[in-house]
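Subject: Structure handover

Hello,

Here is the structure we spoke about, with notes below on what was found in it. Please look through the model before you read on.

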Amino acid sequence: MKIALIGNPNVGKSTVFNALTGSNQQVGNWAGKTVERKSGVVKRASQEIELIDLPGTYSLTAYSQEEIITREYIIREKPDVVMAMVDASNIERNLYLVLQILELVPRVVIGLNMLDLAQSAGITIESSNLALALNVPVVEIVAAKGKGIEEFLTEAIRVGKLENDPLPNEVSYPKVLEQKILAMEALLVDTLWVTRYPLRWLAIKRLERDPEIGQTWKINSGKLPIGKSRDACCDLGEAVNYELQESTPLPGESLLQDYEREGWTKDHFEMAIADAKYQYISAILPQFRKHENPAKPTFTDRLDRWILSPFWGYPIMLVVLTVVFWMSFIASAPIGGAVSLGMAWVAEVMVGWLQWVQAPEFMQSLVRDGIFAGVGAVLAFVPQIAIFFALFSFMQDSGYLARAAFLGDRFMQLMGLHGKSFFSLISSFGCNVPGIMATRTLEDPKDRLITILINPLIPCVPRLGVMSAVVAAFFPGSRGALIMISLLLISMLLVMFSALFLRRVVKHTERSAFVMELPLYHIPTVRNILVPTWQKTYSFLKRAWTFILVASIVVWILSSYPQGVPMSETWAGIMGGWLAFIGQPLGFDWRIMVAIVFGFTAKETTLSTLGILYGVAADASQSIAQAMTGAMTPLGAYTFLVVYMLYIPCLASVVTTYKESRNLGWTSFGVAYSLILSFVMGWIVFHGGQALGFR
Amino acid sequence: MERFLGDLKTGEWARVERIDGGGALRRRMMDMGIVPGVELEVVRQAPFGGPLQVRLKGYYLAMRRAECAKIVVSKKDPKCYDPLLASR
């Protein structure tokens, strides 16, 4: 049996889904989309049920990815039952979606959630009356506490097993509209389609000139077997693909043209039908809903007085961001350090074992300096990502993220971006990887792509660390502070410029609509935070470790062979020599070019690479930086810093970009863009500086 | 008296008359509940000319001023506001 979970965003679907499927989930992607496809298997009384968590959506039209996916799934894959989650505190808008579903799928069970939240706002819903009004079973649940979820599923299974389709009450459309619907029904009643979809729904969609009807699709499921082993969780299964088999035009064209002449265009029909549904909801609402004290301020109102106040809002946001940053990137440093030490220890053990079996020297070096050094460097910042993501989930589920987007939208507008990009870009200061992951909240795929592409231009903490060490060495005192600020300003300006520039490249001509819901505040469940955090961290690791492993080995090979020659004659050195001509216009010698290339795997290692190349046996970044002052002019160092700050994002963030955008072309474009941009800026800075008389 | 939503001040109530323009934006607004006849309240405006927060049917929406300029409303006197009717 196939059961689909549907509902508005923030309504608690994930809570129910996680509760029912536990670790038997599969997280994949919808074909051609960047939205996650979550499915799982549930067994009840020897009945196997495939449960699918459809993305939160407000309607079944076809404007956002979430809506398209939900629509396509229901129309093409035809679930047996739909479990519709409804937010009791927001019931009118939620019912709008439910009514649309009822016209398409007769087997529906409504899960009435958040009754406690509604109560606190003075709203009571009489669920038995709701069930009567719609003629659809209603189950009360408090998803956050796990109450009613099992009953919800049981009821859905019961409805799925019914012999005949239930007959939910139909929306009563105004007479004028009803006439037209009936007229269209008469034309369609003899077609094949009536056996597959409800006649009324077909008629309405035909009046709206919906392109989806009349199409037959084949479902290519390249899914991995839905297993019970732990590895099945978070496995990036192959996307389920839809293949268009045939497309037949439906009758009714001349009728539609007649209507158009009367002024009933497709747009008019859409508007009238949507309006009619809302009117219908208003009409039946008093049967099951009582709203006491509607003017009394709710908890959300009172909290928003602070959080969205023009005076306190921004300081509060600053505090929140600082806390998130501190916990993710600074407080987690000991954990990262422990991971590093752990990796180093394991490396020593491995080397010891290799020595014991008398493996050749190069193997030992490969293991210790190649594999473990590289992989360890990246693993050390997994704790950061995990903690950040947990905090981010909390921000999102509690409702605060929408407030941050509300406050930050004005600034994002300047760059042609959506308010929700704000959090993502700010997070990138800590680390680009979670910053890129945070773009998931953006609904418009083009907004999302642009935000993903400009994220790496924001200098992250590891980069800032290296930069401040070099700045301190070359520009001591207060001059150093000014230099750092100037560097940050350069990156900010380039982020703004890139955002505006990329709008042309990504062909995003229609400005994104900022119509966003500010949900009621509520405390998310621990499970709803931990499960996605675990999934995302795990999938990041799975993707990244192969790339990083390969990259580390390559770096090691290049810098170790041929053996026994000075650095400049190893393959790495020779490569640096070839690349020197690129660095020349910027005053970079071959060593810097090599460091730049190697810095790709993890930018923190740039300084130690430089140390090795300059023959400085030092372990503190400060002393390496000091040693560099002998080899570079201040202008040279500044140029280097500009390039270093902007060029290719680290390997981990490239992998994340690929994972989030699912597009190799754009990922490569992003890499090339930052590379070219960084060198162009470097050139400008170097020659501009010289022209202005700096050294 | 017809005005645009963007012209309203904080705390004012209005009834939506129609949405000018078309396409994705209009569809999105309709999906979110902004249809002719619905009554909404302007809750606040983000500083620096940022988005508007409105309350309708018991939930909150944020929209940019440019989008609010497309929504034609007629102003309502809060005293005439019937709590049960306001849910529509």
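Of the 88 residues of chain B, 45% count as buried. A residue is buried if 20 or more other C-beta atoms lie within 10 Å of its own, exposed if 12 or fewer, and partly exposed in between, with C-beta atoms placed from the backbone.

The model is predicted: local features need pLDDT of at least 70, side-chain atom pairs count only at pLDDT 80 or more, and totals for chains, interfaces and linings use all residues. Residues are numbered from 1 along each chain as its sequence is written, while chains are lettered from A and ligands numbered from 1 in the order in which they are written.

Confidence

The pLDDT is the predictor's confidence in each residue, from 0 to 100. Chain A averages 82, and 91% of its residues score at least 70. Over residues 223-237 of chain A the pLDDT is below 50, and this stretch has 24 contacts in the model beyond near neighbours in sequence. Two residues are in contact if their C-beta atoms, placed from the backbone, lie within 7 Å. Where pLDDT is low, the predicted coordinates should not be read in detail.

Chain B

Chain B has two helices and six strands, and from the N terminus on its elements run β-β-α-β-β-β-α-β. Helices (H or I, at least four residues) and strands (E, at least two) are DSSP runs, numbered from the N terminus. Of the contacts in chain B with a separation of 6 or more, 59% are between residues 24 or more positions apart.

The sheet of chain A

In chain A, seven strands form an open sheet in the order S2-S3-S4-S1-S5-S6-S8, with mixed pairing. Two strands pair if DSSP finds at least two bridges between them. Strand S2 (25-29) and strand S8 (138-140) of chain A each have a single partner strand, so each edge strand has one side without a neighbour in the sheet. The twist averages 25 degrees from one strand to the next.

Strand S5 (residues 81-87) of chain A is mostly covered, with seven of its seven residues buried. In a regular strand the side chains alternate between the two faces of the sheet. On one side of S5(A) the buried residues are Val81(A), Met83(A), Met85(A) and Asp87(A), and on the other they are Val82(A), Ala84(A) and Val86(A).

Strand S1 (residues 2-7) of chain A runs parallel to S5(A), joined by five bridges; Ile3(A) has Val81(A) as its bridge partner. S5(A) is also parallel to strand S6 (residues 108-113) of chain A, with six bridges, and there Val82(A) is partnered by Val108(A). Between S5(A) and S6(A) the chain passes through helix H3 (residues 91-104) of chain A, in a right-handed β-α-β crossover. Right-handed means that, with the strands pointing away from the viewer, the path from the first strand over the helix to the second runs clockwise.

Where the chains meet

33 residues of chain B are in contact with 30 residues of chain A. On the chain B side, helix H1 (23-31) and strand S5 (59-63) each supply at least two residues, and H1(B) gives the most, with seven. Strand S12 (residues 515-518) of chain A runs antiparallel to S5(B), with four bridges between them. Val515(A) has Met63(B) as its bridge partner.

Regards

Methods: Axes are lines fitted to C-alpha atoms, for helices over the stretch in contact, and angles run from 0 to 180 degrees between N-to-C directions.
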